[in-house]
Every structure is written in C-alpha cells, then in structure tokens.
Amino acid sequence: MLAQEIIIKPIITEKSNDGLQSGKYTFRVAKKATKIQIANAVEALFNVRVLNVNTMIVKGKEKRVGANTGKRPDWKKAIVKIDTNPTEKKYLTKGAKEVKVDKKYKDSIDEFMGA
C-alpha cells in the first residue's frame, strides 16, 4: 500500500486538538493497515519521527431514514505520537566508531491544521 492510501484524512475534534501539545495526532487510516505501515506512512508524508502508534476500530453507527434502518461502515482510527524534540542520534559501529544520523526531522505536522 502507498502512504497516500494508508492515511485517509486527519481527525480534528476537541479531544484530538488537546493532544497536539504533547505531539499526538489523530488520523483516519485504511482498515487493513498495520501499526508499522501507519508509522512509515506518517514519516514519509510529513517528515517527522514517529515514537508510537495506537490504533482502534470505530464501530459504525446505526442510522434510520423513516422506517428503514441501516448501518454506517466500521473504520480505523490511529493516534500517532511524534518526537517533538528531534536530536541527532549517535551510535557505535564495529571497531567503536561513532556514527551520527544526520537526517533532519520536523517537530510538528504543519499540514494537520491547514497552516
């Protein structure tokens, strides 16, 4: 699946806006997407570093028009926590050489609120 197919749209509610200060963003995602696929898609689309992903299946509501009843489809929601303080990562290789990861990450998703 492509990253654009996994992330369908952001969810903007009062509760999701409260999580923005702590780096938590809420998205509607493809129902078959896994947590690893969601994390990779968010990193690819928004150039941020994902720390963890929580997913849940939201049950569709029962709707009624007159005497007829129907059900909206179930969908999947993901709450993605990003790194709000990205720093350069260092690690040791064989021979005790220190290597830096010099990829630049953003500290927020600017496109989330339409800014």
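From the N terminus onward, the elements of the protein chain follow the order α-β-α-β-α-β-β-β-β-β-β, giving three helices and eight strands, where helices (H or I, at least four residues) and strands (E, at least two) are DSSP runs numbered from the N terminus. The model is predicted, so that local features need pLDDT of at least 70 and side-chain atom pairs count only at pLDDT 80 or more, whereas totals for chains, interfaces and linings use all residues. Residues are numbered from 1 along each chain as its sequence is written, and side-chain values use heavy atoms, with hydrogens and water left out.

The C-alpha atoms of the protein chain fill a box of roughly 75 × 30 × 20 Å along the principal axes. The radius of gyration of the protein chain is 18 Å, while a compact globule of 115 residues would have one near 13 Å; this radius is taken over C-alpha atoms, and the globule rule is 2.2 Å times the number of residues to the power 0.38. Buried residues (under 20% relative accessible area, with exposed meaning over 50% and partly exposed in between, for a 1.4 Å probe and protein chains only) make up 26% of the 115 residues.

Leaving aside its neighbours within four places in sequence, Ile-109 is in contact (heavy atoms within 4.5 Å) with Tyr-25, Phe-27, Val-42, Phe-46, Val-48 and Ile-82.

Helix α3, residues 35-46, has 12 residues and reaches 16 Å from its first C-alpha to its last, close to the 16 Å expected at 1.5 Å a residue, the expected span being 1.5 Å times one less than the number of residues. The buried residues of α3 are Ile-38, Ala-39, Ala-41, Val-42 and Phe-46. They cover an arc of only 165° around the axis, which puts them on the same side of α3, the arc being that of the directions from the helix axis to the C-beta atoms. What covers these buried residues includes α1 (3-6), β1 (7-10), β2 (24-29), β3 (50-58) and β6 (75-82), whereas the face of α3 turned away from its buried side carries the exposed residues Ile-36 and Ala-44. Just after α3, Asn-47 takes a positive phi of about 55°.
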